[in-house]
Amino acid sequence: MAELKNDRYLRALLKQPVDKTPVWVMRQAGRYLPEYREVRAKAGDFMTLCSTPDMACEVTLQPLRRYDLDAAIIFSDILTVPDAMGLGLHFVTGEGPRFSKTIRSAADIARLTVPDMEDSLGYVMDAIRLTRRELDGKVPLIGFSGSPWTLACYMVEGGSSKDFAKIKGMMFDAPEQMHALLGVLADSVIAYLNAQINAGAQAIMLFDTWGGSLSPANYQTFSLAYMQKIVAGLQREAEGRTVPVTLFTKGGGQWLELMADTGVNALGLDWTTDIAQARQRVGDKVALQGNMDPCVLYASADRVEQEVATILAAYGHGSGHVFNLGHGIHPTVNPDNMARLVESVHKHSAQYHL
């Protein structure tokens, strides 16, 4: 593998000195880019785009051609694991992901097994290997998965949900079933992420999109405990370097201390948490990623720059900050504002690393 030319992102996650704060953006390969929309149209549907390695590689690289980003994230979807378990993932225009089969009973759960990663999910590993070759050491490549709780939400509900009535009904009424489901998902995610690391992923993100829908006690029992199990099961070194792990629970700002105790290297923050206070709370234990409100990108470019400067100042001096949005970039954002965001991070952050 080519030597890494820009390791700013990996160094920041490990709280090592950097010259500038690194920046990447969740969903940076996405619909706000006209070149992405072209490839998506060619693919015909979203799952074809995800499961065709050369297309997935192409859209992974697109934002790096436009912007001076410090990391690439492999183009995929968090729901590839349940799809590989035989649930039949498809996407409905205007409605998002849907599963042909749902998980509603102990018998449904008993039928689930850990997928063969190089077989049913080999297309993800092929995309990672291809993307690493194409990147040629320019920046690190991030691999990722959804958390067991988040995957279970989609599998039980059958798609997106506003109230999570079905999965919470199972959690409250049949906790042993819930634990059985989360257990097989945790084992699958460990295998999936380790396969990504072996294929060439240089850092890992665990997306707990729906953890914030839980009460504090249920968050610890049904989400955090399984993420802790995953972190403990991950290969943490490859190619002679540490493979840093970032945990992101959307709406999880109240649990930062508990999340920091899982053994991860970094925590993602959404925009509802003040980054200065978050840094005080976790101390030197973990790095922090975030946390601009994605809707700032609908404002003027000058306002984008102002917000970037505010967040950088709030984090303050020293390493351990990866600049990002507090969630994914919206599809209707002006790509020029994304350019201003990236430029502003590098321009205004150097003073904090002297």
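Reader: Which residues of the largest nonpolar core touch the most other members?

Author: A nonpolar core is a set of buried Ala, Val, Leu, Ile, Met, Phe, Trp, Tyr and Cys residues joined through side-chain atoms within 4.5 Å, buried being under 20% relative accessible area (1.4 Å probe, protein chains only). Here the core has 133 residues, and Met155, Met178, Leu181, Leu267, Met292 and Leu341 touch the most other members. Helix 10 (residues 175–199) gives the largest share, 13 residues; helices are DSSP runs of H or I, at least four residues, and strands are E runs of at least two, numbered from the N terminus. This is a predicted model, with local features needing pLDDT of at least 70 and side-chain atom pairs pLDDT 80 or more, while totals for chains, interfaces and linings use all residues. Numbering runs from 1 along each chain, and side-chain values use heavy atoms, without hydrogens or water.

Reader: And how do helix 2 and helix 4 pack?

Author: Axes are lines fitted to C-alpha atoms over the stretch in contact, with angles from 0 to 180 degrees between N-to-C directions. Helix 2 (residues 34–43) and helix 4 (residues 53–66) sit at about 170°, axes 9 Å apart. They're therefore roughly antiparallel, a label for angles over 145 degrees.

Reader: How do I read an aromatic pair, say Phe46 and Phe75?

Author: You describe two aromatic rings by the distance of the centres and the angle of the planes. Rings of Phe, Tyr and Trp (its six-membered ring) pair if their centres lie within 6.5 Å, and planes over 60 degrees apart count as edge-to-face. Phe46 and Phe75 are edge-to-face, at 5.7 Å and 65°. Both are buried.

Note on methods
Buried < 20%, exposed > 50% of the residue type's maximum accessible area, 1.4 Å probe, protein only. Parallel < 35°, antiparallel > 145°, perpendicular 65-115°, else oblique. Phe/Tyr/Trp six-rings, centres within 6.5 Å; stacked < 30°, edge-to-face > 60°.
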